[in-house]
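Student: I am new to this structure and would like a close look at one part of it, the place where two chains meet. Could you walk me through that contact and then show me what surrounds it?

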Amino acid sequence: MFGYLIPYKNELKVRELNDWQAAYCGVCHAIARNNGQMPRFALQNDMAGLALMLIDLSGDTFISRKRACPTHLINRKQSLETNTALTYCGDVTTLLAHHKLNDMWQDEKKLYAPIGNLLILRGYRKAKKRNPLLSKKLKDILDELYIIEQDKEVSFDIPAALSGDLLWEIAQSSKDINEKDKLALSDMMKNLGIWIYLADAMEDMESDIKKGCFNPLVQNGTPSEKRISQAQEVMTFALSRAQLAYNLLKLEKSAPIMDNIIRYSLPSKQNLIHEKTREIHKIT
Amino acid sequence: MNPYTVLEIDDNATQEQIKQAYRKLVKKYHPDKYIDNPLSKLADEKMREINAAYDMLTGEGASGNYANQGTSYRSSGSNTGSTDFQKIRQMINAGQYDQVMTILDNLSNRPAEWYYLKGACMMGKGWYAQAQNFYNMAYQMEPNNPEYQKASQSMYNSNRNFNNQANVGGSDCSMCNICSCMLCSDCCCESLGGDCIPCC
């Protein structure tokens, strides 16, 4: 999920930071246990937030213990015990890694992409077996996104909404959560998906122009002021919608961390991204 | 239901604290915030729960306040609407956005309601910028329609409230900034003949 859904650590209590870290390590260990060692390299920080929310909403317990791992052989870190939510997050990481590597081969012909896919193949097949519907939906959405992004004149709304649909499906396929919470979670994730897509588009504008890659905010090889202004409005709207959906979730243990992300970290990041974009592209 | 848990207050909260908590939650879950939102029913339920909790603790009969204010795509009283558009509204409420888009694209008659429903459909699909454009067109064609007016202002109002909230909490005024500001004000004042800070 591109590394945006992470808390502003300076505003977290030490206990909350440890919980975040334990969730991240928990997902990593779950991947190792259920999908093999290689997909661990694809794990991003965002997945810790999803894991914490899913455990909270499913009413599962937060049990952690110190465990060693390849990067922490001596100073072992607290890690949540593998449970349904962590297994699911591990599967989502593996499925997304597989599709990301496919994209990299299709778009940029990076040689390491098919090699990477071969290394995670076994883990991918296990994740696909446990989540057949999700795997198909992710593939369909990413295939559609690939086709949409061939049209450089397409309105930025459409690929952004597909990115939202991707996270919607991930939330919808989560297990052991009641329907009302799942609806609110899915709507929140959908709006965060739209936000993340546009944030990424704004941050990557310069490099995409240089490489000639698709960017929904670029028109005829130059940043479009009109599209950028509209995209900034849409980002604010999507984030406000995500907050409204978040308000309807009944979180307890993960509430301080998720509050930090939704109410502080993301709005701050948005302000920084918008200011930087206005500065670089001289937009008023 | 534990009314204290619902209102997010301690068991020994005073009446004033209960009222303050109630007002804070009403602001958070107000139905106006959930217009054109697939979660409007959940927000309605939450609002009923809050009202019931407030009733239990104060006996002031808040039940019915702020709830059931109609946030789905029901036909407004001023809109006669054809049968087709009534059915389309029901389909939008049911989340059948792709089918609705196809039906609307095949209609040759395109009054203001057509643009409004197209906008509603795009809002449901997450095409927010395009939805806003269609809402604006519906409002331009029928400026006296309150439904279209609310829809065309929804993104602007939502963003304005969001930015106000971000600014209220996000000020980064350090002591250095305050002192610098005061010194500059004093210099400007003195250059105009006054003296903001006599000792400087």
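Tutor: Let's begin with one pair of side chains: A:Lys180 and B:Glu45 meet in a salt bridge, with 2.8 Å from N to O. Please keep in mind that this is a predicted model, and the distance is computed from its atoms. The count of salt bridges between chain B and chain A is one, so A:Lys180 and B:Glu45 make up that count, given that a salt bridge is a side-chain nitrogen of Lys or Arg within 4 Å of a carboxyl oxygen of Asp or Glu. Polar contacts can be counted here too: twelve residue pairs across the interface of chain B and chain A are in polar contact, with both residues at pLDDT 80 or more.

Which helices of chain B supply at least two residues each to the side that touches chain A? They are α2 (15-29), α3 (40-58), α6 (112-125), α7 (128-141) and α8 (146-170). Of these, α8(B) gives the largest share of that side, with seven residues.

Now step back to the contact as a whole. It takes 29 residues from chain B and 29 residues from chain A. Three residues of chain B deserve a look of their own: B:Leu39, B:Tyr128 and B:Phe162 supply 26% of the area that chain B buries against chain A, more than any other three residues. Taking both chains together, the area buried between chain B and chain A is about 2,500 Å², and carbon and sulfur atoms give 60% of that area.

While you have chain B in view, find two of its loops. B:Asp36 lies in the loop between α2 and α3 of chain B. Its phi is near 55 degrees, a positive value in a residue other than glycine. Is B:Asp36 buried or exposed? B:Asp36 has a relative accessible area of 8%, so B:Asp36 is buried, the cut-off being under 20%. The other loop, between α1 (3-6) and α2 of chain B, holds B:Glu8. Phi of B:Glu8 is near 60 degrees, again a positive value in a residue other than glycine.

Turn next to chain A, the partner in this contact. Chain A has eleven helices and four strands, and buried residues make up 55% of its 284 residues. Among the contacts in chain A with a separation of 6 or more, 71% join residues 24 or more positions apart.

In helix α11 (residues 255-280), find A:Ser265. A:Ser265 is buried, with a relative accessible area of 4%, and it touches A:Ile6, A:Pro7, A:Tyr8 and A:Asn260, leaving aside residues up to four places away in sequence. In helix α2 (residues 46-58) of chain A, look for A:Met47, which is buried at a relative accessible area of 6%. The C-alpha atoms of A:Met47 and A:Ala23 are 8.5 Å apart, and 24 residues separate the two along the chain.

Finally, look at the outside of chain A. Chain A exposes about 13,400 Å², with carbon and sulfur atoms supplying 52% of it. On the surface, A:Met38, A:Phe41, A:Trp105, A:Leu111, A:Ile115 and A:Leu119 form a nonpolar patch with about 660 Å² of accessible area together. One of these residues, A:Leu111, is found in the loop between α3 (84-108) and α4 (112-119) of chain A. A:Leu111 is exposed, with a relative accessible area of 62%.

Conventions
Residues are numbered from 1 along each chain as its sequence is written. Chains are lettered from A and ligands numbered from 1 in the order in which they are written. This is a predicted model: local features need pLDDT of at least 70, side-chain atom pairs count only at pLDDT 80 or more; totals for chains, interfaces and linings use all residues. Side-chain values use heavy atoms; hydrogens and water are left out. Patches are made of residues with over 30% relative accessible area and no salt bridge: like charges are joined within 9 Å, nonpolar side chains (Val, Leu, Ile, Met, Phe, Trp, Tyr) within 5 Å. Accessible areas come from the Shrake-Rupley method with a 1.4 Å probe; for residues, only the protein chains shown count as cover. Buried means under 20% relative accessible area, exposed over 50%, partly exposed in between (1.4 Å probe, protein chains only). Contact means heavy atoms within 4.5 Å. Buried area is the accessible area (1.4 Å probe) that two parts lose on being put together, summed over both. A polar contact is a pair of N or O atoms within 3.5 Å; within protein, one must be able to donate a hydrogen and the other to accept it, and residues adjacent in sequence count only if both atoms are side-chain atoms.
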